Amino acid sequence: MGKISFLPPKKHLAITTLTMMCGSLLNRYALSRDGSSKIKFYTGIPDASDDQPRNAFWSAKLLTMSRDNIEVFSRRLRYRNKSFKSPDGKMQTFLVGDEKGIDVRLAIDVMRLAHQREYDVALIFSQDQDYSEVADEIR
């Protein structure tokens with residue numbers, strides 16, 4: 001019987017917007033150590049004037065990731081009021097931080113890098129189903 005073997009791709013690109021998939025987990029399990037792989041992490045972070053503890057947390061986390069050779073792209077969260085009706089019928093309003101432009105930046109980078117043939121395989125870890133259209137376009 002013949003032996004079937006699959007050659008690993010030469011260049012990998014892993015892109016994530018999920019906090020749980022960042023850093024050492026991707027380094028350890030998904031990517032090679034020969035320098036041919038890239039990891040990009042995209043996120044929104046709160047401004048220090050809006051939420052100092054979370055800003056400090058994310059600033060430290062992104063610094064650690066960049067030291068681990070992960071390319072980091074971040075933007076300030078944009079806050080807006082969001083209202084909903086509680087079970088008791090009262091309207092409740094609170095501030096919600098939205099990531100603006102993160103998804104577009106990620107899609108542009110994936111398309112640009114594909115066009116430049118910078119990777120053989122791209123892995124996108126995200127909860128956003130819109131990236132399936134990017135994958136369809138690249139194919």
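The legends below describe close-up views of a predicted model.

**View 1. Lining of the largest pocket.** The largest pocket has a volume of about 200 Å³. Its lining consists of Gly44, Pro46, Asp51, Arg54, Trp58, Leu77, Tyr79, Gly97, Asp98 and Glu99. Helix 2 (52–67) and strand 5 (91–98) are the elements that give two or more residues to this lining. Sorted by class, the lining has 4 nonpolar, 2 polar and 4 charged residues.

**View 2. Salt bridge between Glu71 and Lys40.** The structure holds 6 salt bridges. In the one between Glu71 and Lys40, the closest N and O atoms are 2.6 Å apart. The pair links distant parts of the chain, with Glu71 in strand 3 (residues 70–76) and Lys40 in strand 2 (residues 37–45), 31 residues apart. Glu71 is partly exposed at 38% relative accessible area, whereas Lys40 is buried at 7%.

**View 3. Salt bridge between Arg112 and Asp109 in helix 3.** The closest N and O atoms of Arg112 and Asp109 are 3.3 Å apart. About one helical turn separates the two residues, because they are 3 residues apart in helix 3. Arg112 is partly exposed, with 35% relative accessibility; Asp109 is buried, with a relative accessible area of 7%. Salt bridges with shared partners join Arg105, Asp109 and Arg112 into one network.

**View 4. Salt bridge between Asp136 and Arg139.** Here the closest N and O atoms are 3.0 Å apart. Both Asp136 and Arg139 are exposed.

**View 5. Backbone at Arg117.** Arg117 lies in the loop between helix 3 (102–115) and strand 6 (121–125). Arg117 is not a glycine, yet has a positive phi of about 55°. Most residues other than glycine have a negative phi. Arg117 counts as exposed because its relative accessibility is 65%.

Note on methods:
Residues numbered from 1 in each chain as written. Predicted model: local features only at pLDDT ≥ 70, side-chain atom pairs only at ≥ 80, totals over all residues. Heavy atoms only, no water. Helix = DSSP H or I, 4+ residues; strand = E, 2+ residues; numbered from the N terminus. Buried < 20%, exposed > 50% of the residue type's maximum accessible area, 1.4 Å probe, protein only. 1 Å grid on protein atoms, 1.4 Å probe; cavity = no way out; pocket = protein on both sides within 12 Å on 5 of 7 lines; lining within 4 Å. Points joined across faces, edges and corners; volume = space filled by probe spheres on them. Nonpolar A, V, L, I, M, F, W, Y, C, P; charged D, E, K, R; others polar. Salt bridge = Lys/Arg side-chain N within 4 Å of Asp/Glu carboxyl O.
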